[in-house]
Protein chains: 2
Amino acid sequence: MAATRREPQVTVHNFSAGPAILPRAVMQQAQEEFLDWHGLGISIAEMSHRSPAFTAVAEQSVRDLTALLAIPENYRVLFLQGGASHVMSMAPLNLCGKTRGGTGDCADYVITGHWSQRAMTEAERLTRVNIAASAAEVNFTTIPPLTDWRFSARPAYLYYCDNETIAGVEFPAPPVLPDTCGETALVCDMTSNFLSRPLPVERYGLIFAGAQKNMAPAGLTVALVREDLLDRARADVPFLYHFKLLAEHDSMFNTPPVFSWYLAGLTFAWMRTQGGVEAMDARARRRSGKLYEFIDGHEFYRNPVAKPYRSRMNVPFMLADAGLDRAFLAAAEDNGLLGLKGHRSVGGMRASMYNGLPEASVDALLEFMADFAASHG
Amino acid sequence: MAATRREPQVTVHNFSAGPAILPRAVMQQAQEEFLDWHGLGISIAEMSHRSPAFTAVAEQSVRDLTALLAIPENYRVLFLQGGASHVMSMAPLNLCGKTRGGTGDCADYVITGHWSQRAMTEAERLTRVNIAASAAEVNFTTIPPLTDWRFSARPAYLYYCDNETIAGVEFPAPPVLPDTCGETALVCDMTSNFLSRPLPVERYGLIFAGAQKNMAPAGLTVALVREDLLDRARADVPFLYHFKLLAEHDSMFNTPPVFSWYLAGLTFAWMRTQGGVEAMDARARRRSGKLYEFIDGHEFYRNPVAKPYRSRMNVPFMLADAGLDRAFLAAAEDNGLLGLKGHRSVGGMRASMYNGLPEASVDALLEFMADFAASHG
C-alpha cells in the first residue's frame, strides 16, 4: 500500500483553478486528526453524521459561516451534495414552480462566460428562459452595462455568475434589479469567489458555491436560500433537489459529505482567526493587483479583460508569442509553479489565487515571469 | 487551530452503520500522503480532476473495481456525486422515459425495509409504481418468497434493496425474474453490502452503492449501468442525473468528489491484496456468524430476522429487558465499543460490521455482551 514518496526538488506553488489549494493550517489539522478525531479513536469520516460529535461540527460550521457573512435570520444555510452544477438544475426546479407576487415561470440569465452559459442551457431544458444580457460577442472580456440588460416581465429569478473562472471576469458588485422586476429573486453562482469578500446576502434570493475553491475538497456545495423561496418548487422536483426538504432536515435528509463538510468548518474557523472576509478581500486584491500590474507593465504578457471586471481570483494571461506557451508551462512546472495551464477552451495561461494561496506564491510567479520574459523576449 | 487531543483510554471498536469504519491500512495511507501526494508537493484533494495525476487515480480505480467484480464490458462504471438516495430519483427518471422491448413506464418495487420504502415513495412522485411484494406487515423480519411477488405487465424495472441496514435483512442471492417480465431491468441498491461478496453483475441493469460503508468517506456513489439502458431517459432529466451524459464524460461532466474517489480507489486496491470479494465474504460470514450464534445461544439477547435472510453486515439485536438498553450502550461505550445504538425507528442495538472491521472487534463485542448478560441477567 505504501506510496512512492519523493521529496519535492523545489518549493511548490499551487495555482490550480479547482480543486484548488486550501489553507495550509487547515490541511495540517485535518491530517493530524485524520485517524483520531479529538481523541475519540476514530476518524471524523468514520462516524455517524447524526452522532453528537458530527452534529456539533456541523452546527459550529453554520455558526461560523453565519458570522463570516453576517447572514440574516431569514436565510437557510444548506450543505448540498455534489458540485455547483447540481444547483443549475435546482434553481429552475425550485423557483419556477409557483408564481408569487406576479412572477412567472420565466428565468432571466446574464451570460458572462462558460458557467453562466452552462446554467442557462440547463435551465432552458426545465423552464422558460430569457437572456437578459450576454458578453459572448466580445468573447467574455467584459460585463454588459446594467442599462443594456433586457428583463422579461417579472421573471421568477435573475441568474448570474459572480466570477467566471475561465474568462477571469468578476462582478465588482451585485447588480441592482429595477423596480419593474417585482419579487424577482437574485440568484448567484459564487463558486469561485465565495468567502473572498464581504457580501450583502440580503440582496439575494439564492447564493451557492461549490466547495473546491475556497472551502473544502470537492463534493460539497454551500447554498444560502431566503426562506420565502422554499415554497416555489415544482411538484415533481427530485427529493434531494428540493431546497425545502433539505432545509427541514438541516441538510441531513440522507448522509451528507461529512469529510468535506468538516473541512469546510475548519476553513470557516481559520478565516475568522485571519480577520474574516475583509482580510480575504484585502489579500485577494494584493495578490491579483500585483499580477495585473506586472502583466500590464510587460508587453510580453497580456490579459484581455476590461479593467473594472478583472477577477481577483482567476487571472488568465497570454504570451505575446503563443508559440512559447509550452515552454513557459514546462519551465514553470520545473520551478514548482503548478496548475498554470489555461482552460482548454481559451488556451494560454491562468493563475488562480484563492484564499489559501500565500502571497509568496505570487511573488515566485512574478519572479519566474520576469525571468522567462527576459530570456525569451 | 490545534485540536484538543486525548489518548483514548481503551482500544476502540467502530460498529457505526455509516459513515463507517474503513480499512485501517487505507486510512493510514490517506493520512500519510494527505499533504503531499506521491511527492508532488500538494494534496490529491488540491489538484485538478483533469490533471494527469488524478486521471491516473480515477482510471486505476475503475480497473480495480472491474477486476474485483468481473464487470462485463457492456457495463459502465460511474462515480456519482452525493449519496445513494440521489439514485432513487435517477432510476425512474432514467429508466422510465422510453419503452423498450414492450416495457412501459411502470416500475415494480419490493419493499423489505426503510430504504426500499424510501425509494418506492420517491419513484411514486416520478412515475407509475407497482408494489410487487412487501414485508411491512411482518415488520421487515423476512423477505417474501419470490413465488408471492406480483409483477406488473412488463415493468420498466424491478427495484430492490440487497441489504436493509435498519432491519438487518439481506437477500441471499439476486431474485430471478420470470420470463413474462421481458426486458425488465433488475435495479438494486447495494449501498451497505457492495463489495462484500461476489456479484453476478450480468444479471442486473443497474447496481448502485453509496461509498460510506465499504468504500470511502460519504459523498460518492458508485453505479454500474448496463449500456443499453443509457437511452431510456426522460427528456427533462436534470443533467447531472442523466446516466448517459455522465457516462459520456467518464463521470467528470463537472468536478467529481475527488478525495472520496481517490480513497475508494485505495480501498479497491487494498481489497485486491486481501483476496478480493471472496475473502470479504468469508470474513463477513465469520464475523456475523459468531455474533448470531452468540445471540441465539443467550436468552438475554434476541435477533428477530428469519435466519435465511439475516444480514452479514448489520445485526440488530434487542435485550430481553429493553429497560437495560441505556445501561448497555453506556457500558459498551466505556469499553470502547462505539456506534451500537439501534436506528431510532426500531430501537435496541445494532452492530454494523463492514469490510473494514477487524474480527477482533467482534470478539471484543462478544466478550462484553457475555459480561453484561452475566452481570444483568
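This is a predicted model: local features need pLDDT of at least 70, side-chain atom pairs count only at pLDDT 80 or more; totals for chains, interfaces and linings use all residues.
The largest nonpolar core has 208 residues. The residues with the most contacts inside this core are A:Tyr157, A:Phe194, B:Tyr157 and B:Phe194. As a general remark, nonpolar side chains in soluble globular proteins tend to be buried together.

I turn now to the interface. How many residues of chain A are in contact with chain B? The number is 75, and they meet 75 residues of chain B. Between them the two chains bury about 6300 Å², with 57% of it on carbon and sulfur atoms. There are 19 residue pairs in polar contact between chain A and chain B, counting pairs with both residues at pLDDT 80 or more. On the chain A side, the elements that give two or more residues are helices H1 (24-32), H3 (85-95), H4 (114-126) and H6 (258-273). Of these, H1(A) gives the most, with nine residues. Sorted by class, the side of chain A that touches chain B has 38 nonpolar, 23 polar and 14 charged residues. The count of salt bridges between the chains is two. In one salt bridge between the chains, A:Arg234 pairs with B:Asp236, and the closest N and O atoms are 3.8 Å apart.

Salt bridges also occur elsewhere, and the whole structure has 36 of them over all chains. In general, side chains of opposite charge can pair when their charged atoms come close. An example in chain B is B:Arg128 with B:Asp105, at 3.0 Å from N to O. B:Arg128 lies in strand S4 and B:Asp105 in the loop between helix H3 and strand S3, so this pair ties together parts that are 23 residues apart in sequence. B:Asp105 itself is partly exposed, since its relative accessible area is 33%.

A further pair is B:Arg197 and B:Glu170, whose side chains meet in a salt bridge at 3.8 Å. Why does this pair tie together separate parts of chain B? B:Arg197 lies in the loop between S8 and S9, whereas B:Glu170 lies in strand S7, so the parts joined are 27 residues apart in sequence. Both B:Arg197 and B:Glu170 are buried.

The side chains of B:Asp228 and B:Arg226 form a salt bridge as well, at 2.6 Å. Here B:Asp228 is partly exposed, with a relative accessible area of 22%, while B:Arg226 is buried at 16%. In chain A, salt bridges that share partners join A:Asp162, A:Glu170, A:Arg197, A:Asp281, A:Arg285 and A:Arg312 into one network.

Finally, I draw attention to B:Thr191, in the loop between strands S8 (185-189) and S9 (206-210) of chain B. Is this residue buried or exposed? B:Thr191 counts as buried because its relative accessibility is 12%, and the cut-off for buried is under 20%. The side chain of B:Thr191 makes a polar contact with the side chain of B:Asp189 at 2.7 Å. The B:Thr191 side chain also reaches the backbone nitrogen of B:Gly210, at 3.1 Å. Beyond four places away in sequence, B:Thr191 touches B:Ala84, B:Phe208, B:Ala209, B:Gly210 and B:Lys213.

How values were computed. Residues are numbered from 1 along each chain as its sequence is written. Chains are lettered from A and ligands numbered from 1 in the order in which they are written. Side-chain values use heavy atoms; hydrogens and water are left out. A nonpolar core is a set of buried Ala, Val, Leu, Ile, Met, Phe, Trp, Tyr and Cys residues joined through side-chain atoms within 4.5 Å. Buried means under 20% relative accessible area, exposed over 50%, partly exposed in between (1.4 Å probe, protein chains only). Contact means heavy atoms within 4.5 Å. Buried area is the accessible area (1.4 Å probe) that two parts lose on being put together, summed over both. A salt bridge is a side-chain nitrogen of Lys or Arg within 4 Å of a carboxyl oxygen of Asp or Glu. A polar contact is a pair of N or O atoms within 3.5 Å; within protein, one must be able to donate a hydrogen and the other to accept it, and residues adjacent in sequence count only if both atoms are side-chain atoms. Helices (H or I, at least four residues) and strands (E, at least two) are DSSP runs, numbered from the N terminus. Ala, Val, Leu, Ile, Met, Phe, Trp, Tyr, Cys and Pro count as nonpolar, Asp, Glu, Lys and Arg as charged, and the others, Gly among them, as polar.
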